[in-house]
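Please walk through this structure with its sequence and coordinates at hand. The paragraphs below begin with the aromatic contacts and then turn to the pocket, the sheet and the loops.

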Amino acid sequence: MRTTRPAMLLTAVLLALVLAAPAAAQTAPPAGFVSLFNGKDFAGWKVPEGDNGHWKVVDGVIDYDAQSEAPGDKNLWSAAEYGDFVLRLEWRIKETPYINPNVPIIRVDGTHKKGPDGKEIRLAVPDSDSGVYVRGSSRAQINMWAWPIGSGEVYGYRMDAKMPPEVRAGVTPKANADRDIGQWNEFEITMKGDRLTVVLNGVTVLDNARLPEVPARGPLALQHHGQMKNGVWTGPPSLVQFRNISIKELK
């Protein structure tokens, strides 16, 4: 039977609507996990005082524009504290309007590659920057950015020259598992004692990395980064979104 032109047009319109429809922002947490974000408001979170709506919930996701007006800490903190846990969350970088001129080439041991003049080689990379603080510590931050090394590293430990070489190597991603800018990524972050494992999009990028002197317990935070002056970004901003945040505490 021949399909009529009106029927073909209707089919095309319906298909376009299906493809354009956004995926469900929130799904039920996995068995054994407790949801930390309800997709509607910031229940269970502490919005920075004086933020003025820059941390917000849009279409079922946490959305941030990196322009919090809070005079102090601008990060979004969990109300509860956690010790040992498995944390799952989805995140994406919305755009990368800032060209970061100082991105190093990071070796697998966490050090930076140098040129024949002995100076570190630096790359210019379109960049945005955020992360997840664990145990209330900005030093114990799992990075989300656009660097070639990939997301998942713990910058505060990798860059600490006082740390043993094996610690700095341990917090350096073993692979770049990031999806393209604008696409959703999935983190699974496991903390047991002073050991951290990070799985990004199904790839283990940190495996049982040691974080010496990390606090035994503390809140989580979604990181603010960057600022704008006279309409121009002066550093990589946290133009990010988060959804499907859930946690399983380990006994």
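Rings of Phe, Tyr and Trp (its six-membered ring) count as a pair if their centres lie within 6.5 Å; planes under 30 degrees apart make the pair stacked, over 60 edge-to-face, and the rest tilted. Searching the whole structure by this rule gives seven aromatic pairs. In one of them, Trp55 and Tyr64, the ring centres are 3.9 Å apart and the planes are at 10°, so the pair is stacked. Trp55 is buried, at 3% relative accessible area, and Tyr64 is buried too, at 0%; here buried means under 20% relative accessible area, exposed over 50%, and partly exposed in between, with a 1.4 Å probe and protein chains only.

The model is a predicted one: local features need pLDDT of at least 70, side-chain atom pairs count only at pLDDT 80 or more, and totals for chains, interfaces and linings use all residues. Residues are numbered from 1 along each chain as its sequence is written, and side-chain values use heavy atoms, with hydrogens and water left out.

The protein chain has three helices and 17 strands, where helices (H or I, at least four residues) and strands (E, at least two) are DSSP runs numbered from the N terminus. Along the principal axes, the C-alpha atoms of the protein chain fill a box of roughly 75 × 50 × 45 Å. Of the 251 residues in the protein chain, 47% are buried.

A second aromatic pair is formed by Trp91 and Phe187, whose ring centres are 5.5 Å apart with planes at 45°, so this pair is tilted. Because Trp91 lies in strand β6 and Phe187 in strand β11, the contact ties together parts that are 96 residues apart in sequence. Both Trp91 and Phe187 are buried. Elsewhere, Trp145, Trp147 and Tyr155 make up one aromatic cluster.

Two arginines are placed over aromatic rings. A charge sits over a ring if NZ of Lys or CZ of Arg is within 6 Å of the ring centre and within 35 degrees of the ring normal. Arg139 has its charged end over the ring of Tyr157, 4.3 Å from the centre. Arg243 lies over the face of Trp184, 4.0 Å from the ring centre.

Which elements give two or more residues to the lining of the largest pocket? On a 1 Å grid over the protein atoms alone, a pocket is an open set of points with protein on both sides within 12 Å along at least five of seven lines, and lining residues have an atom within 4 Å of a point. The largest pocket has a volume of about 280 Å³, the volume being the space filled by probe spheres set on the points, which are joined across faces, edges and corners. Among its 19 lining residues, Arg88, Leu89, Glu90, Glu186 and Phe187 are the closest to the centre. The elements in question are β6 (85-93), β11 (185-192) and β17 (240-249). By class the lining has eight nonpolar, seven polar and four charged residues, with Ala, Val, Leu, Ile, Met, Phe, Trp, Tyr, Cys and Pro taken as nonpolar, Asp, Glu, Lys and Arg as charged, and the others, Gly among them, as polar.

Next comes the sheet. Five strands form an open sheet in the order β2-β5-β14-β9-β10, with antiparallel pairing; two strands pair if DSSP finds at least two bridges between them. Its edge strands, β2 (45-46) and β10 (137-145), each pair on one side only. Strand β5 (residues 76-82) is joined to β14 by four bridges, and Glu81 stands opposite Pro219 in β14. Two bridges link β9 (residues 129-134) to β14 (residues 218-222). Here Val132 stands opposite Leu222, and Tyr133 has Ala221 as its bridge partner. Five of the five residues of β14 are buried, so this strand is largely enclosed by the rest of the structure.

Arg107 is in the loop between β7 (98-104) and β8 (122-127) and is partly exposed, at 41% relative accessibility. Its C-alpha atom is 8.4 Å from that of Ile149, 42 residues apart along the chain. Lys40 is in the loop between β1 (34-35) and β2 and is exposed, with a relative accessible area of 69%. The C-alpha atoms of Lys40 and Gln26, 14 residues apart along the chain, are separated by 9.8 Å.

How values were computed: 1 Å grid on protein atoms, 1.4 Å probe; cavity = no way out; pocket = protein on both sides within 12 Å on 5 of 7 lines; lining within 4 Å.
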